[in-house]
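Have the sequence and the 3D view open as you read.

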Amino acid sequence: MKRAACPMEALVEASFDGRVDERDARALARHLEACAACAAWRASLVDLRARAAVSADEPP
Amino acid sequence: MRAIAAGDVGAVGALYDRHGAAVRAFLIRGGTSPDDASDVTQDVFLTVLKVAVRYDGRPSARPFLLGIAARHARRVRERVRRWSRALTLYLAGGRPETELPDARRLRADRDAAFEGALAKLSERKRTVFLMVEREGLSGEEAASALGIPVNTVWTRLHSARAELTVTLRKRGAP
């Protein structure tokens, strides 16, 4: 599996899961403005959560 | 849960009323058929009678119940895997086409793409993903429910998300 990777992607996910402190969150916010890979990864995380929630509303 | 552990069988009914539907929905989302999910849900609450003494006392019993459900579901799916594969092939050949308006079709395509990608995950990754993303459990709650270290939850969750992203992208999912 290949995705455009950035060393900060782990921090993006940790932030998404509420596992980073305020200082890291601020640094990450600055990084996200400049890093397309991390911004895309965050968008994917948001999209997956939305898809999971929609599916939960309508069980197959 | 304390009442059940103390032998109050009637308390299982109240627990079922509160969490039964959520447990069944979790099972279906995890790949258990609706029919099996109803049976497994019953089994989960029967199991609670035996294992309630092990409950760690947290405010919500839901993670505990989902952990039991995940273990039961795994056993059921292993049992039916062989014949269900043949049955699925048979049903796929006879499924009628249905006409849907554009918006509904797009939504259905989007949901189907996600369900397909979800089904491709290993059961362990899918279970963690659903516990966190659908049920809203914290990493610690999922870890406790499944009896695994919290770091394992984060690792499986990361793998699940990465695989889902790649699968959806590969399929050009809407």
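What percentage of the 174 residues of chain B count as buried? The figure is 44%, with buried meaning under 20% relative accessible area, exposed over 50% and partly exposed in between (1.4 Å probe, protein chains only).

Before going further, some housekeeping. This is a predicted model, where local features need pLDDT of at least 70, side-chain atom pairs count only at pLDDT 80 or more, and totals for chains, interfaces and linings use all residues. Residues are numbered from 1 along each chain as its sequence is written, chains are lettered from A and ligands numbered from 1 in the order in which they are written, and side-chain values use heavy atoms, with hydrogens and water left out.

**Chain B overall**

Take the chain B contacts (heavy atoms within 4.5 Å) with a separation of 6 or more: 71% of them come from residues 24 or more positions apart.

Axes are lines fitted to C-alpha atoms, for helices over the stretch in contact, and angles run from 0 to 180 degrees between N-to-C directions.

| Helix pair | Axes come within | Crossing angle |
|---|---|---|
| α5(B) (residues 102–120) and α8(B) (residues 150–170) | 9 Å | roughly 130 degrees |
| α2(B) (residues 11–29) and α6(B) (residues 123–134) | 10 Å | roughly 135 degrees |

On the angle scale, under 35 degrees counts as roughly parallel, over 145 as roughly antiparallel, 65 to 115 as roughly perpendicular and the rest as oblique. That makes α5(B) and α8(B) oblique to each other, and α2(B) and α6(B) are oblique to each other too.

From α5(B), A113(B), F114(B), A117(B), L118(B) and K120(B) meet L164(B), T167(B) and L168(B) of α8(B). Sorted by class, that contact has six nonpolar, one polar and one charged residues; Ala, Val, Leu, Ile, Met, Phe, Trp, Tyr, Cys and Pro count as nonpolar, Asp, Glu, Lys and Arg as charged, and the others, Gly among them, as polar.

α2(B) also passes α6(B) in a right-handed crossing. Here A22(B), A25(B), F26(B) and R29(B) of α2(B) touch T127(B), L130(B), M131(B) and R134(B) of α6(B). This contact splits into five nonpolar, one polar and two charged residues.

As for α6(B), the helix is mostly covered, with ten of its twelve residues buried. The buried set includes E123(B), R126(B), E133(B) and R134(B). Just after α6(B), G136(B) takes a positive phi of about 75 degrees.

**Two buried residues**

T41(B) sits in helix α3 (residues 34–51) of chain B and, at 1% relative accessibility, counts as buried. Its side chain reaches the backbone oxygen of A37(B) at 2.6 Å. Leaving aside residues up to four places away in sequence, T41(B) touches Y16(B), G20(B), V23(B), R24(B) and L27(B).

Over in chain A, E13(A) belongs to helix α1 (residues 9–16). Why does E13(A) count as buried? Because its relative accessibility is 4%. Not counting residues up to four places away in sequence, E13(A) touches R19(A), W41(A) and L45(A), along with L157(B), H158(B) and R161(B) of chain B.

How values were computed:
Helix = DSSP H or I, 4+ residues; strand = E, 2+ residues; numbered from the N terminus. Polar contact = N/O pair within 3.5 Å; in protein donor to acceptor, adjacent residues only side chain to side chain. Left-handed = near helix turned anticlockwise from the far one by under 90°.
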